[in-house]
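Hi everyone, thanks for making time this morning.

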Amino acid sequence: MDRATFTKESALNRQAFELLRQHIRREYAGKYAALARGELVGAAGTFDAARALVQQFELVPEYYLVFPASVEPDFDLVYDLAGSV
């Protein structure tokens, strides 16, 4: 992913989290939340299950966040789950 795309997607997800912070923490306590394209995709009981919610998109976004709903996500973290960092 290029830096411009990362910056744009990260900003969208950060903005969505700021708007939804209390909702995410209240409704999804004890779960993992997923943000992609500036939207709350959903939440699930495990990291992998929340990640699978994002993988259901017809076009899977290059950048998305999966994080415990009770914590502040790290918007600057880049982790390549395909295996190459």
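Phenylalanine 67 is buried, with a relative accessible area of 3%; buried means under 20%, exposed over 50%, and partly exposed in between, using a 1.4 Å probe and protein chains only. This is a predicted model, where local features need pLDDT of at least 70, side-chain atom pairs count only at pLDDT 80 or more, and totals for chains, interfaces and linings use all residues. Residues are numbered from 1 along each chain as its sequence is written, and side-chain values use heavy atoms, leaving out hydrogens and water.

Now, how do we call a ring pair? Rings of Phe, Tyr and Trp (its six-membered ring) pair if their centres lie within 6.5 Å; planes under 30 degrees apart are stacked, over 60 edge-to-face, and the rest tilted. That rule gives four aromatic pairs. In one of them, phenylalanine 17 and phenylalanine 67 are edge-to-face, because their ring centres are 5.7 Å apart and their planes sit at 85 degrees. This pair joins distant parts of the chain, 50 residues apart: phenylalanine 17 is in helix H1 (residues 3–27) and phenylalanine 67 in strand E3 (residues 64–68). Helices (H or I, at least four residues) and strands (E, at least two) are DSSP runs, numbered from the N terminus. Phenylalanine 17 is buried too, at 0% relative accessibility. Together with Phe75, Phe17 and Phe67 make up one aromatic cluster.

One last stop, please: arginine 37, in the loop between strand E1 (32–36) and strand E2 (39–44). Arginine 37 is partly exposed at 34% relative accessibility, and has a positive phi of about 55 degrees although it is not a glycine.
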